[in-house]
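Have a look at it first, then read on.

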Amino acid sequence: MIRQAKPKDADAILDVWLLASLQAHDFIPAAFWWQQQEAMRARYLPMAEIWVCERKNHVQGFVALVDDYLAALFVRPDCQQNGIGKALLDTAKQQRQQLSLKVFCENDIAVNFYTQQHFNVTGEGVDAATNQPELYMEYQPRVR
């Protein structure tokens, strides 16, 4: 079930974020992600519109939107490959006319996922916090 996040979901969302970040971004030292937890809780999560995928009373993934920016899309590693990421992204697409995001170049799985979901690369840059190259991507619905 996908629903809007509630304040009580914060710990579960942070757990999903940390576990998935450690797995997906193994090219960044793990200490970086551990050090970001408090900033996520205090600064980033409160400013986002967050939707969670909950199954069996457990948050298995979430998507965070800040205006038209897809700030985060994470699924617990043990729950991946079950359509949760696509379902969360579809929810985000229903909420916005267009979406933009940044993704690390080395995160091939995410880059391929977003490409399959009709996001286009619009530019490249370097993430200031990690010094890692990243792609800028955008989604705009196709006119039929």
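## Cysteines

Searching the whole structure turns up 0 disulfides, a disulfide being a pair of cysteine sulfur atoms within 2.5 Å. Cys 53 counts as buried because its relative accessibility is 2%, and Cys 79 does too, at 8%. Buried here is under 20% relative accessible area, exposed is over 50%, and partly exposed falls in between (1.4 Å probe, protein chains only).

## How the model was read

This is a predicted model, so local features need pLDDT of at least 70 and side-chain atom pairs count only at pLDDT 80 or more, while totals for chains, interfaces and linings use all residues. Residues are numbered from 1 along each chain as its sequence is written, and side-chain values use heavy atoms, with hydrogens and water left out.

## The cores

The largest nonpolar core holds 22 residues, and Leu 70, Leu 99, Val 103, Tyr 114 and Phe 119 have the most contacts inside it. (Such a core is a set of buried Ala, Val, Leu, Ile, Met, Phe, Trp, Tyr and Cys residues joined through side-chain atoms within 4.5 Å.) Elements giving two or more residues include strand S4 (69-75), helix H4 (84-95), strand S5 (99-104) and helix H5 (108-116). H4 gives the most, with 4 residues. Helices (H or I, at least four residues) and strands (E, at least two) are DSSP runs, numbered from the N terminus.

Apart from this core lies another, of 21 residues, with Val 16, Trp 17, Ile 28 and Phe 74 among them.

## Helix H5

Ala 110, Val 111 and Tyr 114 are the buried residues of H5. They span an arc of only 100 degrees around the axis, so they end up on the same side of H5; the arc is taken from the directions from the helix axis to the C-beta atoms. Over on the other side, Ile 109 and Gln 116 are exposed. The buried set packs against S4, H4, S5 and S7, with contact meaning heavy atoms within 4.5 Å. After H5 comes His 118, whose phi is positive, near 75 degrees.

## A buried charge

Glu 134 sits in strand S7 (residues 133-139). Glu 134 is buried but has no salt bridge; Lys 102, the nearest side chain of opposite charge, is 4.3 Å away. A salt bridge needs a side-chain nitrogen of Lys or Arg within 4 Å of a carboxyl oxygen of Asp or Glu. For charge, Lys and Arg count as positive and Asp and Glu as negative, with His and the chain ends not counted.
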